[in-house]
Amino acid sequence: MAAFLFEALIGVLLVGAAVMCWRVDRRLKALRDGQDGLKETVSALNDAVDRARAGLAALDRASKETGEVLEQRTHEARALADELRLLTSAGETRLDRFDRARRPQAASELPREREGAQHPREREHLKTLR
């Protein structure tokens with residue numbers, strides 16, 4: 001009888017072990033399935049990172065090109081502003097000459113510059129521009 005009880009106890013323990021193995025197998029299968037889903041997620045994430053890198057590279061190129069264009073336009077604008085200052089100064093000089101010529105003055109007060117000669121301010125501006 002003791003042998004029968006011992007065998008029954010072993011049988012119950014074997015059934016318990018079989019049930020535990022079955023549960024562990026189900027959990028392992030679920031883990032493997034989840035791992036496949038995780039692989040897909042990691043692959044999608046890698047693709048998104050690659051697209052983001054490409055986008056950042058394109059933005060970097062665009063910002064450098066835009067910076068170069070902006071720098072060129074700024075340089076052109078400064079040159080035009082300097083030229084405008086020169087023209088304004090020349091216009092003021094010519095206006096001063098015109099006003100002096102219209103006013104009756106003594107011969108000694110009239111400027112003795114030959115016509116078309118540059119005013120000292122004009123020469124200074126031209127030197128600056130060169």
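Here is a short chat about reading this predicted model.

Visitor: Where do I start: how many helices and strands are in the chain?

Guide: The chain has two helices and zero strands. Take α1, which covers residues 2-102. Its 101 residues reach 144 Å from first C-alpha to last, close to the 150 Å expected at 1.5 Å a residue.

Visitor: What share of the 130 residues is buried?

Guide: Buried residues make up 5% of the chain. The chain exposes about 11700 Å², with carbon and sulfur atoms supplying 60% of that area.

Visitor: Which residues in α1 are buried?

Guide: First the general idea: an α-helix has 3.6 residues a turn, so residues three or four places apart point the same way. Now the case here: Leu86, Ser89, Ala90 and Thr93 are buried in α1.

Visitor: And Leu5, is that buried or exposed, and why?

Guide: Leu5, also found in helix α1, has 53% relative accessibility, and the cut-off for exposed is over 50%, so Leu5 counts as exposed.

Visitor: Now confidence. What is the mean pLDDT of the chain?

Guide: The mean is 84, and 84% of the residues reach 70 or more.

Visitor: Where does pLDDT stay under 50?

Guide: Where pLDDT is low, the predicted coordinates should not be read in detail. In this chain, that applies to residues 106-110, where pLDDT stays under 50. For that stretch the model has two contacts beyond four places in sequence.

Methods
Residues numbered from 1 in each chain as written. Predicted model: local features only at pLDDT ≥ 70, side-chain atom pairs only at ≥ 80, totals over all residues. Heavy atoms only, no water. Helix = DSSP H or I, 4+ residues; strand = E, 2+ residues; numbered from the N terminus. Buried < 20%, exposed > 50% of the residue type's maximum accessible area, 1.4 Å probe, protein only. Areas by Shrake-Rupley, 256 points an atom, 1.4 Å probe, with all protein chains shown as cover. Expected span 1.5 Å × (residues − 1). pLDDT = per-residue confidence, 0-100. Contact = heavy atoms within 4.5 Å.
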